[in-house]
Amino acid sequence: MAENDKRSEQSRKVTFSIDKSQNFPDWYDRAIEVAKIVDARYPIKGMNAWMPYGFKALKLMLSKMEFLLDDTGHNEVYFPLMIPESVFSKEADFLRGFNGESFIVTQAGETELAERLYIRPTSETGMYDTVKLWIKSEADLPLKLYQTVNVFRHETKQTRPLMRVREIVKFKEAHTFHANAEDAAQQVDEAINVYKRFFDMMLLPYKVLRTPSWDTFPGAEYNYDFMSVIPDGKGIELASVINLGKKFSLAFGIQYQNSQNDYSYVYQTCYGISERTLGTIMAIHGDNNGLLLPPIIAPTQAIIVPIYYAGKEQPVNKACAEIRETLEKSNIRTSLDSRQNTAGEKFYEWEAKGVPIRIEVGPKDVENGSAVVVRRDTREKKPVKVEELSNHIRMTLDDISINMKKRADAYLKERILHFDTVEDVKKEYKERLGLVGLPWCGEERCGRSIEEKIGIPTIGYDEHKGAKGKCASCGNPGKTEMFFGRTY
Ligand code: ZN
């Protein structure tokens, strides 16, 4: 059998076997399992064990966020996991919002604790009670902090790895403190820009929506969500940017002394991203062969697969080792798969893991001084001279990123549906299609009434884009477009 025939013959032997477009939930669970991202068999529902490959991708992703936060003057801190009940309950809206889903420690061994301790579902209260001691005068402001911690929420809905979990791993949350309302509002804008840069790097499509006033984060003045859509048509909140105003500083007594020696309460913001981002990357970019990871977070950017023929292993192994060394010197994250499995099995496995580029090296390639480069996104194959390999791989990785972003943007555009009236939605919309947009006048009662009529919850509105038609509820001129959808 010719070398090329042998390659294609072997790669046909194994297939991924679940159609993503027909059965997204099963596809997602299987893709995560085969790629060894997390192990969902951990014996607590909604809490998963992270496996080496998945954890590396998560850390690469978070390192980009760290870079952006450091670059914009945030400093990293760490606060304890447990929050005393007396502190947790200081802000009434927050307590109402999170009380029902918090895990609470009530005893140590057999001894009941004097005060109940909340396992953080998010860190506002625990942090603010102590940070108030750090702020004395205006010179201490702005104070911009972030931490990377696990947070715990007792999800009662069906859990799904990385998307809806009870232990959110490495939640990256920022908290900022400002002298006045303008500075806090400006910080919200900065955070939105940081997140835009981040999600663009992650090749994710999103829409920034302002949450309607009746649905804001507990304890917030207002907030924005970065929304994307999962292939099952559900919206997913990738990040929240929240203006807390003075609600928490009043509840916690966070004050500073101004130049006239008066005390003023600080204004605050907070924002965070989680492992959901990685789940969404996998959900949107994967295909029927498994995952496709953006080169920027792929633990292995190029996998070298030797094509063995009896008696010719030695020169092939030598060429592969040399290629690996060259690519690593060029800072390309490279692995060499010299296991005894068939080439077909290896192709299947690395494709399922979403490695952007495969490099095949057989005896013929060694003779020609070249290697075959295969792109995971287009499956295009190309022989490349060994001395040109580093440059070629770097350029191809860039090209794959551009192609993935373009596809993802087109994908989101198809999943945001714009309608004029409630009747149109009722006639034309089916649940798995995506989010629904309707013109809205800005009145709460109209937002709620549309929500009720179409039976789909509000998500948020696009502040910067006016609406063309008439409010889908009252018929007055629409000020903006309100979006509706089921969400994770
Ligand atoms: Zn209206």
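**View A. D183 sits in helix α7.** The model shown here is predicted. At a relative accessible area of 31%, D183 is partly exposed. Along the chain, 84 residues separate D183 from Y267. In space, their C-alpha atoms are 8.1 Å apart.

**View B. Four cysteines coordinate the zinc ion.** The donors are the SG atoms of C441, C446, C471 and C474. Their distances to the metal run from 2.2 to 2.4 Å. The site is tetrahedral, with angles of 106 to 113° among the four donor atoms. Along the chain, the donors are spaced as C-x4-C-x24-C-x2-C. C446 belongs to helix α15 (residues 444–454), while C474 lies in the loop between β22 (458–461) and β23 (480–484), so this pair ties together parts 28 residues apart in sequence. C446 is buried, at 2% relative accessible area. C474 is partly exposed, at 35%.

**View C. The largest pocket has a volume of about 1,300 Å³.** Its lining is made of 48 residues. Lying nearest the centre are R153, E237, S240, R276 and Y488. Helices α5 (92–98) and α15 each supply at least two lining residues. So do the strands β8 (167–178), β10 (222–229), β11 (235–245), β14 (267–273) and β22.

View D. At least two lining residues come from each of α7 (181–201), β9 (207–210), α13 (389–414) and β20 (416–418). Helix α7 gives the largest share, four residues. By class, the count is seven nonpolar, three polar and eight charged. Domain 2 (24–285) and domain 3 (416–484) each contribute at least three residues to the lining of the second largest pocket.

**View E. Helix α6 (residues 124–131) is largely enclosed by the rest of the structure.** The cut-off for buried is under 20% relative accessible area.

**View F. The structure holds one cavity of 30 Å³ or more.** The largest cavity has about 80 Å³ of space. Lining the largest cavity are I303, F347, W350, E351, V355, P356, I357, R358, V374, R375, R376 and R379. Two or more of these residues come from each of α11 (343–352), β17 (357–361) and β18 (370–375). Helix α11 gives the most, with three residues. By class, the lining has seven nonpolar and five charged residues, and no polar ones.

Methods
Residues are numbered from 1 along each chain as its sequence is written. This is a predicted model: local features need pLDDT of at least 70, side-chain atom pairs count only at pLDDT 80 or more; totals for chains, interfaces and linings use all residues. Side-chain values use heavy atoms; hydrogens and water are left out. Donors are N, O and S atoms within 2.8 Å of the metal (3.2 Å for Na, K and Ca); water is not among the atoms, so sites may look incomplete. Four donors count as tetrahedral if all angles lie between 85 and 135 degrees; four count as square planar and six as octahedral if opposite donors are over 155 degrees apart and all others between 65 and 115; anything else is irregular. Buried means under 20% relative accessible area, exposed over 50%, partly exposed in between (1.4 Å probe, protein chains only). On a 1 Å grid over the protein atoms alone, a cavity is a set of points where a 1.4 Å probe fits but cannot get out, and a pocket is an open set with protein on both sides within 12 Å along at least five of seven lines; lining residues have an atom within 4 Å of a point. Grid points are joined across faces, edges and corners, and a volume is the space filled by probe spheres set on the points. Ala, Val, Leu, Ile, Met, Phe, Trp, Tyr, Cys and Pro count as nonpolar, Asp, Glu, Lys and Arg as charged, and the others, Gly among them, as polar. Domain bounds come from an automatic or database domain assignment.
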